Amino acid sequence: MATGETGFDDVTFDLVSVQYHSLKAGHDYGQYVRDADNAGRKDIADFFRRVMDEDSARAKQCHEFLKELSGSSESGPAVT
C-alpha cells in the first residue's frame, strides 16, 4: 500500500480523517440545533439533527473499518 507523509497507509489516514471531521462537525451541529431551536425554527433544527445523525453514522462506520484494518497487514505504520 502507498504511504503518505504520516507514516501510515493512505486508507488508514483517510478513515481517521473522515472520522475526526465527522465527530468534530457533530459537536458543532449541536450549537446549530440550539440556535435554530432558539429562533423557533423546528424545521431547521430537525435538519441539523438529521445531519448530525448522518455524521455520527459516518464516524461509526469509519471506526468499524479501522477495527477491521487494525488486525491486518493492510493497515498500520508503514514499513520503510
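A residue counts as buried under 20% relative accessible area, as exposed over 50%, and as partly exposed in between. By that scale Arg49, at 31% relative accessibility, is partly exposed. The model described here is predicted. Its helices α1 (residues 10-38) and α2 (residues 42-70) pack against each other, and a search of the whole structure finds seven salt bridges.

**Helix packing**

- Two packed helices are described by the angle between their axes and the distance between the axes.
- For α1 and α2 the angle is about 160°, and the axes lie 8 Å apart.
- Angles over 145 degrees count as roughly antiparallel, so α1 is roughly antiparallel to α2.
- The crossing of α1 past α2 is left-handed.
- Sorted by class, the residues in the contact of α1 with α2 are 20 nonpolar, six polar and four charged.

**Salt bridges around Arg49**

- The side chain of Arg49 forms a salt bridge with that of Asp37, with an N to O distance of 2.8 Å.
- Because Arg49 belongs to helix α2 and Asp37 to helix α1, this pair ties together parts that are 12 residues apart in sequence.
- Asp37 has a relative accessibility of 36%, so this residue counts as partly exposed.
- Arg49 also forms a salt bridge with Asp46, where the closest N and O atoms are 3.1 Å apart.
- Both Arg49 and Asp46 are in helix α2, and three residues, about one turn of the helix, separate them.
- Asp46 is at 23% relative accessibility and therefore counts as partly exposed.
- Through shared partners, salt bridges join Asp37, Lys42, Asp46 and Arg49 into one network.

**The salt bridge of Arg41 and Asp43**

- Arg41 and Asp43 form a salt bridge, and their closest N and O atoms are 2.7 Å apart.
- Arg41 is partly exposed, at 39% relative accessibility.
- Asp43 is partly exposed as well, with a relative accessible area of 45%.

- Asp55 is a residue of helix α2.
- With a relative accessible area of 7%, which is under the 20% cut-off, Asp55 is buried.
- The side chains of Asp55 and Tyr29 are joined by a polar contact of 3.4 Å.

- Along the sequence, Phe13 and Leu66 are 53 residues apart, while their C-alpha atoms are 9.8 Å apart in space.
- Ala57 is located in helix α2 and counts as partly exposed at 47% relative accessibility.
- Between Ala57 and Leu23, which are 34 residues apart along the chain, the C-alpha separation is 9.8 Å.

Notes. Residues numbered from 1 in each chain as written. Predicted model: local features only at pLDDT ≥ 70, side-chain atom pairs only at ≥ 80, totals over all residues. Heavy atoms only, no water. Axes fitted to C-alpha atoms, helices over the stretch in contact; angles between N-to-C directions. Helix = DSSP H or I, 4+ residues; strand = E, 2+ residues; numbered from the N terminus. Parallel < 35°, antiparallel > 145°, perpendicular 65-115°, else oblique. Left-handed = near helix turned anticlockwise from the far one by under 90°. Nonpolar A, V, L, I, M, F, W, Y, C, P; charged D, E, K, R; others polar. Salt bridge = Lys/Arg side-chain N within 4 Å of Asp/Glu carboxyl O. Buried < 20%, exposed > 50% of the residue type's maximum accessible area, 1.4 Å probe, protein only. Polar contact = N/O pair within 3.5 Å; in protein donor to acceptor, adjacent residues only side chain to side chain.
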